[in-house]
Amino acid sequence: MKTRLLLITLIGACTALGLSAKKQQEIIPTGYPVTPVPFTSVHVNSGFWGQRLDASRDVTIPLAFSKCEESGRYENFIKAAHPSPEYHAEGFSFDDTDVYKTIEGASYRLSNYPDKKLVAYIDSVLEIVAAAQEPDGYLYTSRTMNPANPHNWAGPERWVWVEKLSHEFYNLGHMVEGAVAHYQSTGKRNFLDIAIRYADCVCRNIGDGEGQKRLVPGHQIAEMALVRLYTVTGDRKYLEQAKFFLDARGTTERRDAYSQAHKPVLEQDEAVGHAVRATYMYAGMADVAAITGDSSYIHAVDRIWDNIVGKKLYITGGIGARHAGEAFGDNYELPNASAYNETCAAIGNVYVNYRLFLLHADSKYFDVLERTLYNGLISGVSLDGGSFFYPNPLASTGNYSRKAWFGCACCPSNISRFIPSLPGYVYAVRDRDLFVNLFMDNQAQITINNRPMVIEQSTNYPWDGDIALNVTKGSGEFAMNLRIPGWVQNSVLPSGLYSYADNANPTYSVKVNGEEVTGDLRNGYLVIDRKWKKGDKVTMHFDMPARIVKAHENVADDRGRIAVERGPLVYCAEWCDNDFNVHNILVPRKPELSMVERPDLLTGMKQLTLPVQTLGYNADGRIFTEEKTLTLIPYYAWAHRGEGDMTVWLPAEISAASANPPVTAPREDNGFFK
């Protein structure tokens, strides 16, 4: 097969460094009051995220492409192009999406690392994808390879099981997301035209019109993807189709909480059911709200966000408490050892918070996004980019390890598309406002108030709180909105779900060309409105002490326990740094935290230590205590050195102490509920 030969060269080609000169691409309008600065305009250089992006380019994306080949994903398209009664659709009905998602991630990286061999490889894959598309645009290999005997989740005819297991609309959603990214990055239409033809097929056949079927996606994502297709093409039918999918939800045959169809979306006020489906739907609601200006959509998604952040969000930013159904639990149901916290759900949580920022221009959404990003999301992929978690628990007795791949590969392929998209989250603009939301080494080409500018950001964040922003090209009057993170303002989250339980009082300072800037914050941003010119420099300093956190008393699993964080990073205690059982400890009432530089450990980090007492039994069977020093590492870095005990929440009250470690629930890594 043509792709096999190209794959061999691709794995080497993806490691080639260097950014060729390229013009800044036009910002695509989204309908939101705030407009993202696109990934094509921001180049992340080095540092914490440079390492992650390099690992994605060099390892994750080539691995994902190779797995698509080895697992028969490409072969499914070839079979669909030449249907036969001899073919039997195996795997999952959504396996096509792994191809689309990997192309999406590769496209994001191409914008900053042009690579002719990678472009040729993607084109070769798209050739077999295009050949599998039916004349009317329908593209679903699980049926097309053998229409008389399709995949056993597909149903006997098109669409009839789309609200259950067929994932036909889910496949469309990921196809569109990948196609738009590919078009933005390369300017080529070969993938976009495939996606448009399938979207047109869906629009013709699904809806309230005569001869149409009234159905909604069983697994959401088509809603947000179709809005994105509308912003690229300007064809309003895609927006109308997305709104139909949302408006019809809860009124068709499927009406269960698992798929958020228990009531119409505008009546929902609590996050329920499958967490990935839910967040994709909430993101689609925000997209429709932004473009249509429908306040009822805005109010609905705001209510749901309040519920998540106030009652259903883990300290790591993870969501989805239950293994059963990969689902949200009840309010304040946040178990640690049995937490599911699917990696895909963390990605979905980022999508929702980002859209709400674009809608409301409030930094609180980035406070949640940043917490999720640095903890519950990147914990799902190893530092080298080559192994993955499906669930991300907050405690373990040693039966968790990242895997090189999964039969249900939604999480690794989702990681392969998300990490390379990160440069698009750093900056945003609104008229004459520039928003600086994330802190990482980068160079950005940004048009602000109709004036082209180049801004360079340098920092060692998240290891320290010093950030420098340099205007290296251009001049003009605009307002620079600098996000002041909630954690430096003594706010763990923009809710009462968690709070700091120490006496620390961190501060921050901002200077322009050496002169300190003061003023009240506007929606969490320090605003500097002035005429900027080449050579201007902004420096920011955030105090970054290690902090003690406690949970709301209604979170039963965290009562009598504390957690430790520093800056945006949540820490955990792991077996390999401690010569005792990390579950059998007691933290003093006044913990004394110290920091240890470890440039040699796991690409470099800052460990934290604190004195604790361990609990055990002596020879007579009596409980005794022993003074020890507990070492903690950032949560994202756990499980890199073998399987063993780990915990985020540490016992700090005698009533909570136990000589027995927590019981870890059985895992459901196979993604059955997908």
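Rings of Phe, Tyr and Trp (its six-membered ring) are paired here if their centres lie within 6.5 Å; planes under 30 degrees apart are stacked, those over 60 edge-to-face, and the rest tilted. The model is predicted, so local features need pLDDT of at least 70 and side-chain atom pairs pLDDT 80 or more, while totals for chains, interfaces and linings use all residues. Residues are numbered from 1 along each chain as its sequence is written, and side-chain values use heavy atoms, with hydrogens and water left out.

A search of the whole structure gives 42 aromatic pairs. One of them joins Phe94 and Tyr170. Their rings are edge-to-face, 6.2 Å centre to centre, with 85° between the planes. Phe94 lies in the loop between helix H3 (73-81) and helix H4 (96-110), and Tyr170 lies in helix H7 (residues 168-186), so the pair ties together parts that are 76 residues apart in sequence. Helices (H or I, at least four residues) and strands (E, at least two) are DSSP runs, numbered from the N terminus. Phe94 and Tyr170 are both buried. Buried means under 20% relative accessible area, exposed means over 50%, and partly exposed lies in between (1.4 Å probe, protein chains only).

Ring pairs also build a cluster. Its members are Phe48, Trp49, Tyr374, Phe439, Tyr461, Trp463, Trp487, Phe542 and Tyr636. Tyr461 has a further feature: its peptide bond to Pro462 is cis, with omega near 10°. Pro462 sits in the loop between strand S7 (451-459) and strand S8 (466-473).

Charges over rings were also searched for. A charge sits over a ring if NZ of Lys or CZ of Arg is within 6 Å of the ring centre and within 35 degrees of the ring normal. Arg57 lies over the face of Tyr113, 4.3 Å from the ring centre. Arg158 lies over the face of Tyr138, at 4.0 Å.

Strand pairing comes next. Two strands pair if DSSP finds at least two bridges between them. Five strands form an open sheet of mixed pairing, in the order S1-S4-S5-S9-S13. Strand S1 (35-36) and strand S13 (525-532) stand at the edges with a single partner strand each, so one side of each has no neighbour in the sheet. Strand S5 (residues 433-436) and strand S9 (residues 476-483) run parallel, joined by four bridges. Phe435 has Asn481 in S9 as its bridge partner.

Strand S6 (residues 442-448) has two contrasting faces. Asn442, Ala444, Ile446 and Ile448 make up the covered face, and Gln443, Gln445 and Thr447 the uncovered one. Strand S2 (residues 42-44) pairs with S6 in the antiparallel sense over three bridges. Val44 stands opposite Asn442 there. S6 is also joined to S7, by seven bridges, and the two run antiparallel. Gln445 faces Val454 of S7 in this pairing. S6 and S7 form a hairpin with two residues between them. Asn449 in the turn has a positive phi of about 55°.

Most residues other than glycine have a negative phi, and most peptide bonds are trans. Asp431 has a positive phi of about 55° although it is not a glycine. This residue lies in the loop between strand S4 (427-430) and S5. Asp431 is exposed, at 70% relative accessible area. Asn513 also has a positive phi, near 50°. Asn513 lies in the loop between strand S11 (508-512) and strand S12 (515-517). Its relative accessible area is 40%, and it is partly exposed.

A pocket is an open set of points where a 1.4 Å probe fits, with protein on both sides within 12 Å along at least five of seven lines; lining residues have an atom within 4 Å of a point. Grid points are joined across faces, edges and corners, and a volume is the space filled by probe spheres set on the points. The largest pocket holds about 420 Å³ of space. It is lined by 23 residues, and Ala501, Ile548, Ile562, Arg589 and Pro591 are the closest to its centre. Strand S15 (546-551) and strand S16 (561-566) each supply at least two lining residues. S15 gives the most, with four residues. The lining has eleven nonpolar, three polar and nine charged residues. Ala, Val, Leu, Ile, Met, Phe, Trp, Tyr, Cys and Pro count as nonpolar, Asp, Glu, Lys and Arg as charged, and the others, Gly among them, as polar.

Technical notes
On a 1 Å grid over the protein atoms alone, a cavity is a set of points where a 1.4 Å probe fits but cannot get out, and a pocket is an open set with protein on both sides within 12 Å along at least five of seven lines; lining residues have an atom within 4 Å of a point.
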